[in-house]
Amino acid sequence: MTRRDKARRIQAELDALFPEPAVPLGHVDPFTLLCAVMLSAQTTDLRVNQVTPALFARASTPAALAALPEREILACIRTCGLAPTKARNLRRMAELLVERHGGVVPRALEALEALPGVGHKTASVVVSQAFGEPAFPVDTHIHRLAARWGLSSGRNVVATERDLKKLFAPESWGKLHLQLIWFGRRYCPARGHDAAACPICSWAAPRRRRARAAGGRSG
Ligand code: SF4
């Protein structure tokens, strides 16, 4: 099976399993999504969704967040990993949105990546999920899945993003990103399991990977 055939079959499988994948982070607009994605680094989505209601009740616009003292932001997000750094970045990001972008989240990847605490993956999630722009955010989990399924060489996330973008149509990138997140959450356990029972690894993974997973290691 060629890589492209495999990609087509994987996409059909994901469409059947997750026809309408939801954005896992609670938000109401591009700005609150940007804040939530920034908070999600090294923190579970569940934890982020626990802290954002209190934060957004205090400040749900760039101007309001920029006006909030850093210690008050920190108090809202304290239970997230790297909270002090995130509080600092959130406030500075909000200030720069006001200063440079009229208090509006920009749609361009480069403009977003120029904000503190906003890397390529975070910017890709925002342009994709908030604006419907073609972007394919690749986190370490998606990176691993793409390598397991033989869709990418798995050298690094940059190469994986490039390989996935070649295999799938741009209009499907945002949905695939979400489908892969939900697939991993539902099917990929942290510890060993039977790859033969996996709806995708059972046929897409190279034989030696399937054997390893069956022997007690995941994927
Ligand atoms: S075999 Fe396991 S780790 Fe690999 S994709 Fe399937 S469920 Fe996930």
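1. In this predicted model, the domain assignment divides the protein chain into domain 1, which is made of residues 3-20 together with 137-214, and domain 2, which covers residues 30-131. The contact between them takes six residues from domain 1 and five residues from domain 2, and on the side of domain 1 that touches domain 2 the residues divide into three nonpolar, two polar and one charged. The C-alpha centres of the two domains lie 28 Å apart.

2. Among the contacts between residues at least 6 apart in sequence, 55% join residues that are at least 24 apart.

3. On overall dimensions, the C-alpha atoms of the protein chain fill a box of roughly 55 × 35 × 30 Å along the principal axes. A compact globule of 219 residues would have a radius of gyration near 17 Å, and the 19 Å computed for the protein chain agrees with that expectation. Buried residues make up 37% of the 219 residues.

4. The largest nonpolar core has 53 residues, and those with the most contacts inside it are Leu34, Leu90, Val126 and Trp149. Its largest share, eight residues, comes from α2, and the core draws at least three residues from each of domain 1 (3-20 + 137-214) and domain 2 (30-131). Leu34 touches Val105 and Val126, when residues up to four places away in sequence are not counted. As a general background to this point, nonpolar side chains in soluble globular proteins tend to be buried together.

5. Just after α8, Gly132 takes a positive phi of about 70°.

6. How many of the twelve residues of α8 are buried? Nine of the twelve are, so the helix is largely enclosed by the rest of the structure. The buried residues are Lys121, Thr122, Ala123, Ser124, Val125, Val126, Val127, Ser128 and Gln129, and a colleague checking side chains here may note that Lys121 is on that list. The buried residues of α8 pack against α2 (30-39), α7 (109-113) and α11 (173-187). Val126 in particular, which is buried in α8, is also among the residues with the most contacts inside the largest nonpolar core.

7. Gln42 has a positive phi of about 55° although it is not a glycine, and its place is in the loop between α2 and α3 (45-58). With 9 C-beta neighbours inside 10 Å, Gln42 counts as exposed, because the cut-off for an exposed residue is 12 or fewer.

8. Leu82 also has a positive phi of about 55° although it is not a glycine, and it lies in the loop between α5 (70-77) and α6 (83-101). Is Leu82 buried or partly exposed? With 14 other C-beta atoms within 10 Å, Leu82 is partly exposed.

Technical notes:
Residues numbered from 1 in each chain as written. Predicted model: local features only at pLDDT ≥ 70, side-chain atom pairs only at ≥ 80, totals over all residues. Buried ≥ 20, exposed ≤ 12 C-beta atoms within 10 Å, placed from the backbone. Helix = DSSP H or I, 4+ residues; strand = E, 2+ residues; numbered from the N terminus. Contact = placed C-beta atoms within 7 Å. Domains from an automatic or database assignment. Nonpolar A, V, L, I, M, F, W, Y, C, P; charged D, E, K, R; others polar. Rg over C-alpha atoms; globule rule 2.2 N^0.38 Å. Core = buried A, V, L, I, M, F, W, Y, C linked by C-beta atoms within 7 Å.
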